[in-house]
Amino acid sequence: MQSMIKIEHLIKNYGTNCAVDDISFEVESGEIVGFLGPNGAGKSTTMNVLTGYLSSTSGKVSVGGIDILEDPLGAKRKIGYLPEQPPLYLDMTVKEYLEFNYELKGCTMDRARHLSEICEVVKIQDVYNRLIRNLSKGYRQRVGIAQALVGNPDVIIFDEPTVGLDPKQIIEIRNLIRTLGKNHTVILSTHILQEVQAVCDRIIIINKGKIVADEKTENISRIVENSRRFHVKVSGPQKEVLTLLRGMSGIAYADVLAERDGDAYTYLVESEQGVDVRKKLFFELASHGWPMVGLEPQGMNLEDIFITVVDQSSMGTVEREREKRVVRRGAGRGRTTLEASLANELVDEAAEKRASQSSIGFGSSGEDGGPSDEDIGLVPKGQGKESGKEED
Amino acid sequence: MFSIYKKEMRSYFINPIGYVYLGVFLVFSALLCCYTTVVAASYSTTSYFRYLIFAFIILIPILTMRLFAEERKLRTEQLLLTAPVTLTGIVMGKFLAAFTLYLGSVLLSCLNFIPLYVFGAAERAGTQYSTTQIGPVTGQIVGSVFAVILLGAAFIAIGTFISALTENQLSAAVITIGVIAAMVLLNLLNGLTDADGQQIISSYPIRFVINWVSVLSRFSNFSYGIFDFGALLYYLSITFVFLFLTVRVYDKRRWG
């Protein structure tokens, strides 16, 4: 398949500050790619370069085969962009705004029909004649999305499209993006992991201006869901329950959390590696007559994933084998030791698996020396409920 | 470019700013015309145009302050800069919109001269024979209006440039007022005299430079009804240079 977006060795400096440091990736036509990273990781900068808002310090960016420096107008014509803050003229009505965009982008199709189609897709027909100033944030965001869709561009780029929306709106916007992904190439940036998991086919994780992982969504999802930590809420005498939990085989760590709900306490339980203690836990507690009123797996947060993937990418496989126990154990980096060790174990496990299966050729990005292994990497056994992510 | 021009024109008239400008300009020019000609019992429009230029110190920034500053503040510039339009197109669209409004207002204010012609015609009808011209001199008026339009274009270009430098409309306006005021008032330095009637700036080279830089000194030939090609070039160059600089400001920000 022809790649729709191609970024080669992109570097962007702001003065001496390097925002994007040698990034390369390709996006194929029809893909929905999630761009994930903490604040200040270089997501917006990359997108701004891609859309021609900023120029790169060096590197090559092309959209649909058109180099953004050689033919900026041609490349821009292929892109619809929703910046972090939707660029809305508050003194226009939605209709005027979209018509302005239509003219700005020099579209040639039937205007009335095209705009009404877009309004239907993003569901803004009922505010079509209202001033943008008077719209709620959710509607403004949608008008922003509508703006990106004007002219039916091949590539649509969303920069943090769901920030500041309420949960219902977030779900609607995500569904909308999924729908768009059927006919467009979509790039989406966010710092919310669940968002990319819900929407994207592929996730590119970026941190401090570098790509640290470029993976199919399922793979990353599996790391995330394969947590061995649970919050268990048990209705029963606190002390005894805790003793029982600590005494149970398969549980590496248990402690009581401060939350209290009637006579039920919440306990943090960490199972031993590769053991699914949930069923056992249930029967054990039931046999003592302490009903388990809640069980909530604690996923890894973005930080945890960074520790895993960042560390992974910063060391070669072989080196990692050698150094992992030594270096990593100490490297808590200020996070709680529990989180750090959890992350470490996941990586260690992945490394072991990788070593055992040795090399199998994969080539998603291949840039960072690594973590593009489709299935072997990163995934401890068991419990991975195949993550339910459809492959398109 | 045309879409941006249209958008800017619209925005002048859905916001109060366009009406404020037009209203203030027309009222002021009418009053000014009244005082300098009818009240002063003179057909000469020289002082009218001279004072009108001082009015531009305040009026032009009203037109230009929001052009880029507002877009930058609301982040809408991102929309324009990622759209398939060139930077030159964006700058020209905005400049032309401001210039169109300005041009319209200046042409509208030409209505002020109708009473002069009416009075002139009446007076001519009343006199049998006269060696001197009675009534306004059309050549002078046309020349002056033309020069005012050129001068305005230059000022608008300067205002556009300053607006592109900041994201605060108010500071854009204040700086523009300062710059235009300096350009207009510079010429007065040459006219300054001390108590003995001696010129304060007596050095010829300095006087020459001030005279050369001053926008007002270029104006005088037109106001005598003489087409001054050098002045035309001067005004057009200022316009061009500042529009070019505006484009460069945006270009540089992309690379920054």
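**Group meeting: helix packing in chain B**

Okay, let's start with the contact itself: in chain B, B:F56, B:I60 and B:L63 of helix α3 touch B:A98, B:L101 and B:Y102 of helix α6, where contact means heavy atoms within 4.5 Å. Those residues are six nonpolar, no polar and no charged; Ala, Val, Leu, Ile, Met, Phe, Trp, Tyr, Cys and Pro count as nonpolar, Asp, Glu, Lys and Arg as charged, and the others, Gly among them, as polar.

Quick housekeeping. This is a predicted model, with local features needing pLDDT of at least 70 and side-chain atom pairs pLDDT 80 or more, while totals for chains, interfaces and linings use all residues. Residues count from 1 along each chain as written, chains are lettered from A and ligands numbered from 1 in written order, and side-chain values use heavy atoms, leaving out hydrogens and water.

So how do α3 and α6 sit? The axes of α3(B), residues 46-64, and α6(B), residues 87-108, come within 10 Å and cross at roughly 135°.

Now, which helix does α6(B) cross at roughly 150°? That's α8(B), residues 138-165, and again the axes come within 10 Å. These two are therefore roughly antiparallel. From α6(B), the contact includes B:F95 and B:F99; from α8(B), B:V145 and B:G152 are among the residues. By class, that contact has 13 nonpolar, two polar and no charged residues.

Last, over to chain A: 13 helices and 14 strands, these being DSSP runs (H or I, at least four residues; E, at least two).

Technical notes:
Axes fitted to C-alpha atoms, helices over the stretch in contact; angles between N-to-C directions. Parallel < 35°, antiparallel > 145°, perpendicular 65-115°, else oblique.
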